[in-house]
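Hi,

Here is the structure I promised to send over. Have a look at it first, and then read on for what turned up.

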Amino acid sequence: MPSTGLDPHRIRQDFPIFQNNKNLIYLDSTATSQKPVQVIEAVAEFYRKMNANVHRGVYEISVEATEAYENARKKVAEFIGARSSREIVFVRNTTEALNLAAYSLGLHRVKPGGKIVLTMMEHHSNIVPWQLIAKINRLKTEYIPFDDQGYLDLSDADKKLKDADIFSFTHASNVLGTINDAKMLCRMAHEHGALAIVDAAQSVPHMPVNVQEMGCDLLAFSGHKMLGPTGIGVLYGRRELLEEMEPFQGGGEMIKEVHLDHSLWNDVPWKFEAGTPNIAGAVGLGAAIDYLRGIGMENVREHEHRLTAKALEILSEIRHAKIYGPENPLHRCGLVSFNLADIHPHDLATYLDKHGICVRAGHHCAMPIHTHLGISATTRASFYIYNTEEELEVFRDALLQALKTFRIQ
Ligand code: C6P
């Protein structure tokens, strides 16, 4: 494989966490990524130089804070190929973005008795909000299953999508690693007259994503998984749809006029941003986007593909390792979930921690995936721009050691 334009050894120097924890092998970026100094500084500088509320004050630092906040929105719009920054709603995270979508569409647009189609490889954030609304508005939910290889089984998808109002699916699975063909799935949704909603929590941080090419109506992701701060996330929405949607939360900022008996909503996207937003978080997300663009998302994807291919190779050579999800690393995002003999994933993760290796163990907030696989938990290693092939070799040695320690023959 040709070498990429991304040097993880150089990149690591930008991440203070690795200077402060010399032997840290962080293989849990699917849960949350580490932060480069450029992001940490952008947040600190905001508080040092221009901290004030946005869209309210007429004084200088408030104007600067507003500019910084709205400038971050522009960066997000460009990063995902939105037509304008008016299509970018700042929220707390993917979960809040999907709750907004479920509440606004599922309660106010979909008629009682309507149908929501999801897949069996969803994170709880793309299941539970729909269940909550389905209960209130008496909606039906249908699930598209996945096959033994970890690919969506679309054999009766047309039947499921018939008369559907919404098809909401993950672009990349946080357990199986499967990258779904989002463009094709959006087209399928539209052919059936349904809206296409994409959970991009595991794709936007790791690969080029263009919402116009994809053709989605709404798309959700979190800043903290893409080098940005926690507490800031994004709901992208096609402008015409956002205009039609009812707000999710009420309060300051999301209104134009308030009278004692009614109110008029603000323009989009501010109609969806009730209360004081996470201004510093948005500024930090803007800095994270600058950083990722400096590297190039093609290079990010290529680097993670290389690490995933190596991790799959390592695990396939380890006795008693059972890997979940597609065999082909080209069809996977940068993570591998597995089980090692009958060692409980929590025991294995605790063992790996003793070797300085951080992995996640459990159901990864995707219980239906594990139920479908007939297991209760997996161990998951996930990769980002700062991970190296050398780290994967330490990971392999630790797994081999674990087999001995746990006396697996
Ligand atoms: N998955 C993981 O370790 P939040 O927590 O709102 O930023 O992201 C929720 C979410 C939604 N969809 C997918 C596909 C996800 O992977 C996640 C977050 C983390 O797998 C934390 S549970």
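Which residues in helix 4 meet helix 11, and which in helix 11 do they meet? From helix 4 they are A65, A68, Y69, A72, K75, V76, E78 and F79, and their partners in helix 11 are I279, A282, V283, L285, G286, I289, D290, L292 and R293. Contact here means heavy atoms within 4.5 Å. Helices are DSSP runs of H or I with at least four residues, strands are E runs of at least two, and both are numbered from the N terminus.

Before going further, some housekeeping. This is a predicted model, where local features need pLDDT of at least 70 and side-chain atom pairs count only at pLDDT 80 or more, while totals for chains, interfaces and linings use all residues. Residues are numbered from 1 along each chain as its sequence is written, and side-chain values use heavy atoms, with hydrogens and water left out.

Back to that helix pair. Helix 4 (residues 60-79) packs on helix 11 at an angle of about 40 degrees, and their axes are 8 Å apart. That makes helix 4 oblique to helix 11; angles under 35 degrees count as roughly parallel, over 145 as roughly antiparallel, 65 to 115 as roughly perpendicular and the rest as oblique. The axes are lines fitted to C-alpha atoms over the stretch in contact, with angles from 0 to 180 degrees between N-to-C directions. By class, the contact of helix 4 with helix 11 has twelve nonpolar, one polar and four charged residues. (Ala, Val, Leu, Ile, Met, Phe, Trp, Tyr, Cys and Pro count as nonpolar, Asp, Glu, Lys and Arg as charged, and the others, Gly among them, as polar.)

The other pair to look at is helix 13 (residues 345-354) with helix 15 (residues 389-405), which pack at an angle of about 120 degrees with axes 10 Å apart. So helix 13 is oblique to helix 15 as well. L348, Y351 and L352 of helix 13 touch F395, A398, L399, Q401, A402 and T405 of helix 15.

Now the ligand. It is surrounded by 18 residues, and the closest are T95, D199, Q202, S222 and R360; a residue counts if one of its heavy atoms lies within 4 Å. A polar side-chain atom of R360 is 2.5 Å from a ligand oxygen. For Q202, a side-chain N or O atom lies 2.7 Å from an oxygen atom of the ligand, and R380 also has a side-chain N or O atom 2.7 Å from a ligand oxygen.

A few backbone points to finish. The peptide bond from V268 to P269 is cis, with omega near 5 degrees, and P269 sits in the loop between strand 10 (263-265) and helix 11 (279-295). L227 has a positive phi of about 80 degrees although it is not a glycine; its place is in the loop between strand 7 (218-222) and strand 8 (233-237).

Cheers

Key:
Polar contact = N/O pair within 3.5 Å; in protein donor to acceptor, adjacent residues only side chain to side chain.
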